[in-house]
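User: I am new to this structure and would like to understand how its chains meet. Please take me through the interfaces in turn.

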Amino acid sequence: MVGKRSKGAIVALVVIAAMLALPSAQSLPVGISGVQESGCNCHGAVPSDSVVASIDGLPESYNYSEAYELTVSFQGGPSQEGNVNQGGFHLWASEGALSVNDATSQLYNQNEVGHTDAGNDQLSWTVTWTAPATDKNVDFVLHVNSVNGNADGAGGGTSGDMWSKVTISLGGPIEVLEAADPFVVLGVLIIVSASLLAITLAYVFYRKDPDAFDWDHFAPWLADWMTSTDHKKIGTLYFVAGLFFLGVGGIMAMIIRIQLSVPGNDFLTQEQYNQFFTLHGTTMIFLAAMPMINGFANWMIPLQLGAADLALPRINAMSFWLQPFAALLIFTGVFSGHGADTGWTGYAPYVVSEGAHYGTTMWAAGQIMLVASSTLTGINFLTTMAVMRAPGMGWMQMPLFSWSILVANVMLFLSIPAFGVGLIQVYLDRVVGTAFYDIAAGGDPLLWSHLFWYFGHPEVYVVVVPSFGIISEVIATSSRRSIFGYRSMVYAMAGIGIVAFIVYGHHMFTSGMSPTLRFVTMLTTMLVAVPTGIKVFNWLMTMHGGSLVYRTHTLWALGFLVTFTLGGISGMFFPSIAMDTHLHESYFVVAHFHYVLVGGTVFGFFAGIYYWWPKATGKMLSEKLGVLHFLTAFVSYNALFWPMHRLGVWGMTRRHHTYFVTTEEALGSLPMEAAGWNMFITVSAFLFFFSNFILVFNMIVSSIRGEDAPDDPWGGWSFEWMTSSPPPAHTLYKLNDGSWGLPTLKDANEHIANEPGWLSSWFQRLLVTDEDTEEESH
Amino acid sequence: MSVMTPIFEGLWDHYIFWSVIVGAIAFGWLYHHSFWFTSKDGKKIPNVDEIEVGVFPKHNDDMRLEVAWTILPFLLIVWLTYYSWEPLDAMWTSADGGVHGYECEEGQVSNNVMDSNGIITSDCYHVIEITGQQWFWNFDCLELNDSLCDTGTETMEVYGSVPVLSLKKGETYLAIMESVDVTHAPWFQHLGTKEDVLPGQQTTLWLPISESMTEESMVLCAEYCGDAHSIMAAKLVAHN
Amino acid sequence: MSYDDPHHPSPWGPHDWKHGSPHNSWAPFILSMGVAIFLFTLAGAFKWGEFQGWGKIPLIFVGLGVVGFGLLVWWRQDISFGVNGEVFEPKSAGAPFQNIDIRKVAMWVFLMSEMMVFTSLFSTYMRYRFGIASCQTVFESGEWVEGAAVTCFEPASHLIASSWFHIAPGAINTFALIISSFTIVQALRYAKMRDIDEDVRRKKITRYLGSTWFLAILFLTMKMIEWFLGFPLPEFLHEFNHGDSTINSLYTEGYLINADHYQHHEYDTHYLESNGHGLDHDSDLYAMMEAGSHPGGHMMANIQVSATTFYVTTGTHGAHVFGGIIGLSYMTLKAARGGYTPDNAVSIEYFGLYWHFVDLVWVLVFPFFYLY
């Protein structure tokens with residue numbers, strides 16, 4: 001019974017996935033019906049060999065936007081000089097724009113010309129073709145008709161006529177591959193990864209109980225995972241999904257780097273490249289980083305608070321399941337070459353223009369679902385931390401990872417609705433034709449910029465603050481000390497959370513801002529360095545007087561301190577606006593945000609993985625493999641991103657599918673050394689990408705034959721270390737008297753449990769409790 | 001690095017100086033503590049913070065240190081903001097009597113000078129127009145004579161046909177800019193400056209061509225605008 | 001894991017709430033799938049405002065159907081909540097929300113995020129309302145020519161606040177929502193009362209929830225009348241309406257999101273001279289016409305942005321009312337089955353909080369979009 005239902009659901013899922021993955025029909029150029037496909041068969045059923053059609057005047061490869069005089073002509077067939085009618089033609093060009101020179105030809109549309117009544121007694125015609133402004137594969141199809149003139153006027157007497165056609169293809173200065181190629185590559189790699197994931201899942205299930213490896217056991221197990229509201233299972237789902245998309249985003253990055261390895265490369269066309277960097281950004285932030293944060297948060301927040309689960313378990317499941325379906329929407333159109341190509345920032349009015357590919361609408365729709373998911377997550381975690389802390393745990397006794405998730409979630413659910421509204425505006429503009437960003441109707445592109453960056457800036461802090469929390473935990477535990485300056489750590493995170501909302505203007509310095517606002521934003525942006533600096537110094541001071549034990553998570557935390565500090569320092573260059581005017585949209589920006597996002601967020605994730613893996617899975621990871629992972633990844637990562645600072649200062653622009661260096665013969669936009677550095681970066685990128693497979697391998701080996709993990713392998717103090725590894729199916733803790741239950745926090749400091757501080761007391765006086773209110777007013 | 005303008009270089013060097021100091025402190029401290037306080041088994045020092053599972057450990061703090069590393073970075077930031085103020089003021093100077101004065105009268109010239117910090121001042125400025133569209137730049141010299149401003153096209157080996165803007169050294173120009181379709185941004189690489197062009201609105205950009213300006217430099221599009229964003233280039237020629 | 005066993009109820013519902021929240025539920029998966037299908041198919045039915053054909057419409061209903069099915073599964077798990085003492089309504093521990101129901105805290109937090117949604121919509125409206133010149137100003141400045149559409153901002157209030165008849169649906173809506181906030185509180189009151197007969201309680205709660213539901217339906221009906229249908233006036237009122245027999249809807253007046261050739265008689269000099277109050281003698285246009293430098297005529301306007309901000313903001317509010325109706329349908333049904341007792345009365349309060357918020361938003365939307 002249940003197996004059938006699950007089967008049905010899975011079949012439905014596959015069907016829907018297949019439907020969504022199919023290229024959307026309207027986006028493939030099916031060409032113009034009629035002449036181009038069927039031929040001039042009004043004049044004869046089949047083409048004739050005795051008529052030879054030709055097009056003269058086409059170059060080997062066209063120059064952008066250049067106009068060419070084309071002469072279309074034919075020889076042979078029954079047409080004769082002196083007849084009333086001699087022949088006709090139909091020329092179709094797949095790209096570019098055709099235009100007519102005289103009354104002997106007529107323009108049907110910019111892709112098609114043909115002869116007119118006045119021109120039906122010629123053997124050749126001249127038309128003009130203007131080449132496209134971008135690289136395309138252009139196909140010309142010329143149909144010619146040689147008539148024997150056995151009737152007057154147009155339309156009559158088609159017997160005895162013969163027609164023929166010729167097809168010519170050419171490209172622009174940069175030769176273009178067939179549209180699907182890199183997408184075939186991407187698609188194959190994604191399918192391969194997904195298959196590996198499926199095989200891994202099947203294998204994990206097999207290992208649970210080799211004797212029960214059949215559908216009747218598998219279906220309920222799968223259904224349990226698909227319907228679970230348990231924070232641990234949902235945490236694992238988020239984590240696996242996040243890791244999968246981290247790989248997908250990495251694959252996209254590799255393809256981008258191949259394209260950028262040499263100047264003037266043609267591995268990707270411009271349109272393909274634009275889709276790749278859009279999806280790389282969107283995937284990494286929304287489908288990799290945020291889910292992985294949620295993975296850690298789902299697992300650890302109830303454990304750290306000493307709770308049994310989150311406040312709203314079914315809503316938690318809802319938050320998760322919105323994500324894979326959103327991912328399907330976001331990737332729609334990719335495989336047919338029409339994925340979103342707006343950049344992850346999706347600036348208006350390009351994002352609502354017809355030039356932006358069809359996949360943009362689905363990209364907006366998918367992200368609307370992610371906004372809903374994040375809002376629900378924010379509500380859930382804020383409520384949980386406000387109401388489900390264990391007895392003895394006041395606000396100032398929460399572990400710092402919990403604080404970091406709290407600050408991140410508050411920032412998230414207050415900022416993301418603005419993004420959601422912007423996305424709905426874009427979706428509606430593209431679907432039902434509203435005019436939010438219609439310039440002719442008075443729409444304002446800066447409105448999108450404000451809505452987006454009001455979200456976008458807090459978002460990048462949302463993504464990095466949980467890593468701060470992880471690093472605090474890891475450094476404190478590794479040093480065998482309490483974190484230095486707990487209270488200032490809390491205030492610093494809260495300060496970052498508040499200031500995040502007022503600095504978003506620094507993304508818009510070059511968008512026509514008033515000088516006063518530029519100054520204010522400059523100052524506030526630089527001020528963010530103060531709380532961040534406090535945190536860095538506190539982390540360093542935590543090691544002081546400690547007994548630092550080196551494990552892999554320790555290495556990653558120290559690595560984080562190096563790379564995040566470098567990223568933060570490079571970030572300080574931008575608020576100085578006279579430097580920003582040069583550095584904005586250059587590779588200096590790319591270097592900065594990859595240092596804080598990868599060197600900050602992802603390295604924090606790695607530290608968290610090595611730190612909490614034993615707790616979540618009950619198995620230890622191999623330290624040897626961990627050290628190897630750290631060394632290879634850390635070195636290749638710095639080799640990958642550090643040179644980008646220099647490339648940015650030299651003038652290499654972001655989002656350009658290629659670049660040109662100055663040589664002896666020609667002026668380009670970059671010095672010659674830039675080419676070599678780009679190749680160096682590409683090679684480092686591949687090394688970095690593959691080095692992370694050591695971690696994946698480590699995870700697999702640990703699952704199969706890792707040694708069993710004790711409750712508290714590292715000597716931490718928070719509640720997650722007070723339960724078994726892994727925790728029981730219903731989250732419970734090992735209490736001092738040997739029983740299982742919910743814990744109470746003790747405090748080594750003088751602290752009176754449950755006595756609210758001044759802020760809480762004031763707030764409490766505003767509320768009315770539910771206890772003794774029956775019919776009374778509330 | 002030849003592409004840095006003097007104003008940029010001045011700021012850059014100063015920021016690098018402070019970055020190195022902050023970096024040296026942070027990384028030196030990290031390096032030291034990573035080696036000085038290690039322990040094989042975590043038992044180098046007794047459990048001063050009373051770390052025990054299920055017990056919130058003793059506070060580990062020092063008010064004076066925390067105040068110190070709040071105040072000192074704050075002061076540094078105030079200093080850097082102050083240091084950045086003058087360049088900011090110069091690059092966004094008002095078109096009505098700012099560092100570049102007012103629009104030049106007929107026959108007047110800018111005679112711009114660059115001071116030791118790279119800040120340029122002029123007697124007056126000339127107005128030109130730049131229009132961005134998918135996917136090329138349009139320069140309009142308005143009523144300026146050829147010696148002050150000239151436009152043309154050139155076929156570059158790598159970019160193909162690009163528009164050329166030829167401006168006079170020692171003269172300062174104010175570009176009034178607009179877009180015909182989506183957002184673009186001309187990045188005058190060797191001037192180290194860019195500003196978005198927006199549809200339906202006008203933005204402005206100062207182009208002070210100093211005497212020491214590179215003769216030929218590129219203008220690239222620096223705000224993603226669709227398919228041919230990468231090759232939407234132009235050339236800036238600074239003539240005598 | 002086996003299903004339909006007492007300790008692990010089925011993920012399809014019903015659920016035994018004595019054990020707390022459901023450990024498994026198909027609802028999140030199915031709801032997410034439905035939302036994705038809906039957004040995908042909606043974008044297939046319209047492109048750039050152009051309808052792509054009726055063939056695409058059934059698919060949208062597939063999406064909505066899946067969403068509905070997901071909701072049914074959710075409700076099937078919820079419907080037994082509060083009955084027979086099966087309640088799981090934990091209270092908060094720790095400052096500052098001690099002893100307050102956890103789900104109430106969650107609802108307040110949710111409302112905070114909803115505030116951000118409406119703030120963003122209002123910001124959009126204000127940016128355009130005050131950033132684009134109003135059509136009245138443009139008309140009176142004379143900077144237009146007949147036959148060429150000018151871009152200007154025409155607030156909906158220009159049409160809606162033009163007469164008492166036009167404002168009637170909006171006024172009815174305001175009262176409907178305010179009264180519905182009252183009825184929901186009454187439902188809660190009766191649910192919480194301890195010393196009344198069960199049957200009386202059941203009937204009272206059902207009636208009050210039903211009234212709330214009805215008032216919400218009335219709200220949406222009035223909105224549709226105002227937007228699309230218009231309504232006829234009885235004969236004796238015609239004279240108060242310039243002799244017109246109907247109050248036109250916004251749709252009939254041409255106030256549409258694709259209106260780039262909007263023409264209203266208020267911007268027609270010929271009409272104003274013959275029928276209306278006449279052209280304002282202080283205006284530049286009047287002066288120009290007197291001087292002969294402007295021929296007058298019927299100004300054409302591109303009011304897409306105006307209509308867009310109006311319909312999307314009020315429409316978003318309407319969508320929230322619609323969401324409330326969905327919730328109220330479930331609650332009324334549950335109430336009719338005697339599902340609300342003092343033990344679980346607080347679930348009515350959760351909805352009440354949401355409903356008061358919707359009412360509050362309307363109290364802000366109405367003056368800003370309909371009156372001013």
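User: Between which chains are the most contacts found, among the 2 pairs of chains that touch?

Analyst: This is a predicted model, in which local features need pLDDT of at least 70, side-chain atom pairs count only at pLDDT 80 or more, and totals for chains, interfaces and linings use all residues. Residues are numbered from 1 along each chain as its sequence is written, chains are lettered from A and ligands numbered from 1 in the order in which they are written, and side-chain values use heavy atoms, with hydrogens and water left out. Contact means heavy atoms within 4.5 Å. Among the 2 pairs of chains that touch, the most contacts are between chains A and B.

User: How far apart do the closest C-alpha atoms of chain B and chain C lie?

Analyst: Chain B and chain C are joined by no contact. Their closest C-alpha atoms are separated by 11 Å.

User: What area is buried between chain B and chain A?

Analyst: Chain B brings 94 residues to this contact and chain A brings 111 residues. Buried area is the accessible area (1.4 Å probe) that two parts lose on being put together, summed over both. Carbon and sulfur atoms give 67% of the area here, and the total is about 8900 Å².

User: Which residues of chain B lose the most area to chain A?

Analyst: Three residues together account for 9% of what the chain B side buries. They are B:Phe56, B:Tyr224 and B:Asp227.

User: Which element gives the most residues to the side of chain B that touches chain A?

Analyst: Helices (H or I, at least four residues) and strands (E, at least two) are DSSP runs, numbered from the N terminus. Elements giving two or more residues to this side include α2 (63-91) and β13 (216-221) of chain B. With 15 residues, the element that gives the most is α1(B).

User: What area is buried between chain C and chain A?

Analyst: The contact draws 73 residues from chain C and 86 residues from chain A. C:Phe29, C:Phe40 and C:Trp48 supply 11% of the area that chain C buries against chain A, more than any other three residues. Carbon and sulfur atoms give 68% of the total, which is about 7100 Å².

User: Which residue of chain A forms a salt bridge with C:Asp78?

Analyst: There are 2 salt bridges between chain C and chain A. One of them joins the side chain of C:Asp78, at 2.6 Å from N to O, to that of A:Arg314.

User: At what angle do the axes of α2(C) and α11(C) cross?

Analyst: Axes are lines fitted to C-alpha atoms, for helices over the stretch in contact, and angles run from 0 to 180 degrees between N-to-C directions. Residues making this contact include C:Trp75 of α2(C) and C:Tyr330 of α11(C). The axes come within 12 Å and cross at roughly 35°.

Technical notes:
A salt bridge is a side-chain nitrogen of Lys or Arg within 4 Å of a carboxyl oxygen of Asp or Glu.
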